[in-house]
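User: Hello! I am new to this structure and would like to learn how to read it. Could you take me through some features step by step?

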Amino acid sequence: MLGGMAQTTETPPADTPDGRAPRSPRAPGTPRTPSTPRTPRIHRAWFVAAVTFVTIIGAAAFASLPGLLIEPLHREFDWSRGTIGFAVSVNLALYGLTAPFAAALMDRFGIRRIVAVALSVIALGSVLTVWMTAAWQLVLFWGVLVGLGSGSMALAFAATVTNRWFVARRGLVTGILTAAGASGQLVFLPLLSWLVEHHGWRPAAVTVALAALAVVPFVWLLLRDHPADVGLAPYGGEYAEKPAPVTGAARRAVTVLFKAARTGPFWLLAGTFAICGASTNGLVKTHFVPAAHDHGMPVTAAAGLLAVIGVFDVVGTIASGWFTDRFEARRLLAVYYALRGVSLLFLPMLLAPSVHPPMLFFIVFYGLDWVATVPPTIALCREHYGEDSAIVFGWVLASHQVGAAVIAFAGGVARDVFGSYDLVWYASGALCAAAALMALVIRRPRTETVSLAGA
């Protein structure tokens, strides 16, 4: 924080180039004393974004595991794939339904407290699965506890940090923070698949718990809730005092939902994002590894392909953030969903015992499109809903995870009933085509709405 910073007027004058709240002017010819703060070369917002990036990477470990658990749990406990898929679907649904309340709780208690508690709950739920003996325990530990914790670490966290700390470069920063989840998948998925293959699923679950706990000190010591906490303006914006804590977090989240639900863009964004979740987290992240294994591909090879998706997801999401700063968001969404649908229609023909060039092309193509939808979706929420955009995006994210939950469960049931995932791939491709059309229907916000959002 700035030591000795004093404000002489109620309304701060123009910010300094680095975004700090202005200091009292120094008389001409007065030498600079050692106590006079120096202008930092890098705005503090970028350090906050870096801590957020590392936090999301550490929390991403738990998201890498569900697809690797299906076959080991099926063999050890003789649970059906539908039963295991149900536990994953509970996790995904709670991940989404918790997000809007978490965004409101961050306004009430601060980002650091909520994120630290969430990581601890993730660690607890993951480590308790080591001693489970019944399917209901999988639903409770992995579905409920990890679902609640991960929901508080959802993309609403990234949206809240971006909204508070950045005015300029919001699209780019959103893309970078969104890509952090893919980076975590890249870091942990090969390790977890190797652990499952050679040592069983329990060491992998413990690794997830340790990864979540390891991030807590970074959050507590380095993350700050608001630029005013350190005497700064948001990057590219003007200095403003930190707002008072907002009470009634649950009531506010529900109130925002009812207000947004009376508008057409909310339902279009929720519908498209539900299809996004169904075609990524619910389908590919959960069922790609067992589907590839059905065709004779080793689990470690299939997990490696998912990790490669994570590599190109980083590139695609950051590029999407850059595009979102420059092009109309709804048209970007339409292109992303259309391309994703086409790729899913070809996937059943590409699955084989070994990795071949057409499969690698699919992995690269799908990776570039994986969560490229997030920056333009957040941008549309911000354009239409202004100060409530983080909570609105939390509800839109809830629809994303409900869509993922439905397909995670339906995919397991389809495999049990038909002995193949083909029907699910084709249905998801058709849904993506529908999402592309829905994105084009979203209207541009009215002028007064844009002014409110920029206020």
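This is a predicted model: local features need pLDDT of at least 70, side-chain atom pairs count only at pLDDT 80 or more; totals for chains, interfaces and linings use all residues.

User: Is asparagine 91 buried or exposed, then?

Analyst: Asparagine 91 has 6% relative accessibility, so it counts as buried. You will find asparagine 91 in helix H3.

User: Which residues does asparagine 91 touch, leaving out those up to four places away in sequence?

Analyst: With those set aside, asparagine 91 touches Trp142, Gly143, Val146, Gly147 and Ser150. There is also a specific atom pair to look at: the side chain of asparagine 91 reaches the backbone oxygen of tryptophan 142 at 2.9 Å.

User: How far apart are asparagine 91 and glycine 151, in sequence and in space?

Analyst: In sequence, 60 residues separate asparagine 91 from glycine 151, while in space their C-alpha atoms are 8.8 Å apart.

User: Now to helices. What describes two packed helices?

Analyst: The general idea is that two packed helices are described by the angle between their axes and the distance between the axes. Take helix H2 (residues 66-77) and helix H3 (residues 81-109): their axes come within 10 Å and cross at roughly 145°. The crossing of H2 and H3 is right-handed.

User: Which residues of H2 and H3 meet there?

Analyst: From H2 come Pro66, Ile70, Glu71, Leu73 and His74, and they meet Arg81, Ile84 and Val88 of H3. Sorted by class, the contact of H2 with H3 has five nonpolar, one polar and two charged residues.

User: Glutamate 71 is in that list. Is glutamate 71 buried or exposed?

Analyst: Apply the cut-off again: buried means under 20%. Glutamate 71 has 12% relative accessibility, so it counts as buried. Beyond its neighbours within four places in sequence, glutamate 71 is in contact with Arg81, Pro290 and His293.

Definitions and conventions. Residues are numbered from 1 along each chain as its sequence is written. Side-chain values use heavy atoms; hydrogens and water are left out. Axes are lines fitted to C-alpha atoms, for helices over the stretch in contact, and angles run from 0 to 180 degrees between N-to-C directions. Helices (H or I, at least four residues) and strands (E, at least two) are DSSP runs, numbered from the N terminus. A crossing is left-handed if the near helix is turned anticlockwise from the far one by less than a right angle, and right-handed if clockwise. Contact means heavy atoms within 4.5 Å. Ala, Val, Leu, Ile, Met, Phe, Trp, Tyr, Cys and Pro count as nonpolar, Asp, Glu, Lys and Arg as charged, and the others, Gly among them, as polar. Buried means under 20% relative accessible area, exposed over 50%, partly exposed in between (1.4 Å probe, protein chains only). A polar contact is a pair of N or O atoms within 3.5 Å; within protein, one must be able to donate a hydrogen and the other to accept it, and residues adjacent in sequence count only if both atoms are side-chain atoms.
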